[in-house]
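Hello,

I am passing a structure on to you, shown below. My notes on what was found in it follow.

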Number of protein chains: 2
Amino acid sequence: MYLMERIASGEWGDGARIPSEYELMEIFAASRMTVHRALREMQADGFLRRAQGVGSFVQGPKPQSALLEITDIADDILARGHAHRAEIVVVERVKADAGLAAAFEMRAGGKIFHSVIVHFENEVPVQLEERFVSPAFAPDYGAQDFSARTTASYLQRVGRAAQVEHVIQAVSPAPLTRKLLRIAAGEPCLELTRRTWTEAGPATKSALTHPGSRYSLGSRYDAPGSKKPG
Amino acid sequence: MYLMERIASGEWGDGARIPSEYELMEIFAASRMTVHRALREMQADGFLRRAQGVGSFVQGPKPQSALLEITDIADDILARGHAHRAEIVVVERVKADAGLAAAFEMRAGGKIFHSVIVHFENEVPVQLEERFVSPAFAPDYGAQDFSARTTASYLQRVGRAAQVEHVIQAVSPAPLTRKLLRIAAGEPCLELTRRTWTEAGPATKSALTHPGSRYSLGSRYDAPGSKKPG
DNA sequence: CAGTGGTCTAGACCACCCA
DNA sequence: GGGTGGTCTAGACCACTGG
């Protein structure tokens, strides 16, 4: 089934209703079982919502990671009923040093977007977000207003990552980090490093630093097969 | 399909070969499509490995979490080619205080297993593991030799959790923690708290503490639908 | 009521693995 | 070659939704 790329490719927008199984049968000249299975798998992968007696609908891109339920921090904060504010420290294009060049599989000296943003929850700084973004992935990254729309939200629109890597560490914050997050000396920080790739190559490399006392990462998970056939 | 509970229930052991699709057709008097779909879903849920031209085999319980790839720390260490050693600090039964009683949905004063273990990688302490385990879930927890077999490995055998909750924080270690992990004052620690539930109720509550400088949690993830029909 | 998705059957052809 | 899983078809009955 190399059909239906149109759906994932966004030919139908978020929330759009897609043709019924019977209509798809005719469109693709496939049997209903085949159509049904394709839709069922797309549902399992989270691309569709389906309801018996109603129809099938495109599910907008979910929070990128199924491994760590790290949603857009602004959504997180708003979901708690708190106020979110982003303070842009810098958005720029920088020359890749050796390390960055290696991470992005490009030559040293190539240009890469770089942004540093502090996120506030009720005016308390809760996250320092530093990102490097490949211009090949998001050519307009440098021209965005990230106080209006978070980098996470923007990047999610630009493209879906095929691969994500997370590393979590406890660190003693650097002096500049301490200053930006307004934390006392000796307070530990939780640092999440995330790298993403598309089919075309490395896309982003981010470091999200949280004061240990003001943030924790959590996730809750229903094991597969708890109810189902098994 | 409320058939085939036998597979998940462990009637067939790890790695065992299960009957072919055609045999299952006869056993359950179902069509091949139905059998195939059941097996396909069990494979998707990680209960089976299948190979064309070979057969279907029971996949032993995987690392419990799909959210955080936290495997048995001993496996982790051995996989890096390093030596692992576990130092049992205490394994005991304690009376539940108010907080524990609430977490385990039991009356205060009820008995709960409690263990504290330090894990060494090449004789360097890398994890302090403190667990509380419901006797209803693992009645023999107190009688195990956890220097021979890790708690994680043992608990995985006892039963599969239906639900898992993770919380990750950066913390300043308590003095006792500092001593057991032999770390300097001021070094931050990564603390992972994990709670698990079975259908019957709360099963375990664990705190895994790692020196920030000696450990990090990582995960790598292939997004669904990168290749498939989509 | 008509339309939707959920499920199952019976049969077919294929690619793959291994003796 | 014989057995395995991978895939697809054509048709059927059901449960649920909505007007």
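**Surface around DNA strand D**

Around DNA strand D there are 25 residues, and those that come nearest are A:Ser31, A:Thr34, A:Gln52, B:Arg32 and B:Arg40. Of the atoms of DNA strand D that come within 4 Å of the protein, sugar and phosphate account for 58%. Please keep in mind that this is a predicted model.

- The side chain of A:Thr34 has an N or O atom 2.4 Å from a phosphate oxygen of DNA strand D.
- The side chain of A:Gln52 has an N or O atom 2.4 Å from a base nitrogen of DNA strand D.
- A polar backbone atom of B:Glu21 is 3.0 Å from a phosphate oxygen of DNA strand D.

Two or more residues of the surface near DNA strand D come from each of these elements: α3 (32-44) of chain A, and α3, β2 (48-51) and β3 (55-58) of chain B. By type, the residues of that surface divide into eight nonpolar, 10 polar and seven charged.

**Two helices of chain B**

In chain B, helix α2 (residues 21-28) packs against helix α3 (residues 32-44) at an angle of about 110°, and their axes are 9 Å apart. Angles of 65 to 115 degrees count as roughly perpendicular, and α2(B) and α3(B) are therefore roughly perpendicular to each other. Their crossing is right-handed.

On the α2(B) side, the contact is made by B:Glu21, B:Tyr22, B:Leu24 and B:Met25; on the α3(B) side, by B:Arg32, B:Val35, B:His36 and B:Leu39. The residues of this contact divide into five nonpolar, one polar and two charged.

Regards

Key:
Residues are numbered from 1 along each chain as its sequence is written. Chains are lettered from A and ligands numbered from 1 in the order in which they are written. This is a predicted model: local features need pLDDT of at least 70, side-chain atom pairs count only at pLDDT 80 or more; totals for chains, interfaces and linings use all residues. Side-chain values use heavy atoms; hydrogens and water are left out. Axes are lines fitted to C-alpha atoms, for helices over the stretch in contact, and angles run from 0 to 180 degrees between N-to-C directions. Helices (H or I, at least four residues) and strands (E, at least two) are DSSP runs, numbered from the N terminus. Angles under 35 degrees count as roughly parallel, over 145 as roughly antiparallel, 65 to 115 as roughly perpendicular and the rest as oblique. A crossing is left-handed if the near helix is turned anticlockwise from the far one by less than a right angle, and right-handed if clockwise. Contact means heavy atoms within 4.5 Å. Ala, Val, Leu, Ile, Met, Phe, Trp, Tyr, Cys and Pro count as nonpolar, Asp, Glu, Lys and Arg as charged, and the others, Gly among them, as polar. A residue is near a molecule or strand if one of its heavy atoms lies within 4 Å of it. A polar contact is a pair of N or O atoms within 3.5 Å; within protein, one must be able to donate a hydrogen and the other to accept it, and residues adjacent in sequence count only if both atoms are side-chain atoms.
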